[in-house]
Amino acid sequence: MPFAQSFDGTALWYELHDGGSGAESLLLIAGNGCDHQMWNHVIHDFTPERSVIIYDHRGTGKSGDNFSTGWSTRDFARDAYAILKDANIKRAHVYGHSMGGRVAQWFAADHPEMTSALILGASSVGDRKGIPRPAEATAAMEKNDFVSLQAMCFPDEWLREHPQEAASGAPNPHNNEAFLCHLLASNEHDSWEIAASIMSPTLIIHGSEDSMTHPANSDMLAARIPSSQLLIIEKGRHVYWAGHLEAHMAVKSFLEKTEGK
């Protein structure tokens with residue numbers, strides 16, 4: 001399995017699921033403290049129609065864990081760029097969830113020539129202009145409170161029926177230091193100005209019952225990004241696709257339309 005070397009020499013693990021159909025590839029960017037496993041149960045939502053790239057953020061999984069002072073979501077986007085360069089993918093759809101959506105905004109702003117379409121799930125322009133994360137959610141994240149975080153991410157009945165799937169999507173950093181670097185980068189994210197510069201076709205998607213990232217943040221993103229459309233998944237929580245098959249059906253349809261199919 002390949003490793004990319006990022007701008008500072010950090011090794012980043014990634015995996016390419018080759019669709020082989022000719023459709024444009026899809027890069028999946030996980031959330032705060034999460035590794036590639038959060039996507040394990042949804043990769044089949046997008047293959048075999050297209051190739052899908054998953055990877056481990058630095059500080060998680062098989063990737064290295066070097067963090068410089070003042071690490072940011074823009075730095076995480078530089079990691080994502082390194083992944084695509086190593087995989088020899090010149091242009092891709094970019095789908096980020098939660099903190100991954102914040103990272104994806106920077107990627108699209110810095111590399112418009114590589115961004116075919118953008119999907120921002122449960123994301124935000126950041127706390128300075130957006131609606132901050134509720135105090136109880138922040139406390140659960142700072143403590144990496146597994147039980148509380150799962151309750152915020154998944155519908156109750158779905159969680160009872162899919163405990164292993166839910167566990168694979170939980171934050172899984174190498175250590176607390178790495179987790180706090182992720183959390184700080186996400187907390188300091190501010191894409192208010194750059195969002196207006198994103199020209200890629202963009203789908204903004206959010207669960208109506210997301211108690212980690214307020215759904216109104218998606219309205220703000222939709223107002224800032226010119227070529228965007230907004231989809232609210234009714235009764236969806238932070239991981240809005242759990243129990244809602246229509247979420248990724250909508251993503252697939254959006255990608256196909258951007259490719260002129």
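**Cavities, pocket and sheet of a predicted model**

By class, 16 nonpolar, 10 polar and one charged residues make up the lining of the largest cavity. Here Ala, Val, Leu, Ile, Met, Phe, Trp, Tyr, Cys and Pro count as nonpolar, Asp, Glu, Lys and Arg as charged, and the others, Gly among them, as polar.

Residues are numbered from 1 along each chain as its sequence is written, and side-chain values use heavy atoms, with hydrogens and water left out.

Let me stay with the cavities. The structure holds three of 30 Å³ or more; a cavity is a set of points on a 1 Å grid over the protein atoms alone where a 1.4 Å probe fits but cannot get out, and lining residues have an atom within 4 Å of a point. The largest cavity contains about 350 Å³ of space. Of its 27 lining residues, C34, C153, G169, A170 and V239 lie nearest the centre. Two elements, α4 (146–153) and α6 (163–168), each give two or more residues to this lining, and α4 provides the largest share, with four.

The second largest cavity holds about 80 Å³. Its lining includes N32, R102, R133 and H238, and divides into four nonpolar, five polar and two charged residues.

I turn to the largest pocket, which has a volume of about 250 Å³. A pocket is an open set of points with protein on both sides within 12 Å along at least five of seven lines.

Eight strands form an open sheet in the order β1-β2-β4-β3-β5-β6-β7-β8, with mixed pairing, where two strands pair if DSSP finds at least two bridges between them. Because β1 (3–5) and β8 (228–233) stand at the edges with a single partner strand each, one side of each is left without a neighbour in the sheet. Strand β7 (residues 202–207) runs parallel to β8 and is joined to β8 by six bridges; T202, for instance, has S228 as its bridge partner.

Notes
This is a predicted model: local features need pLDDT of at least 70, side-chain atom pairs count only at pLDDT 80 or more; totals for chains, interfaces and linings use all residues. Grid points are joined across faces, edges and corners, and a volume is the space filled by probe spheres set on the points.
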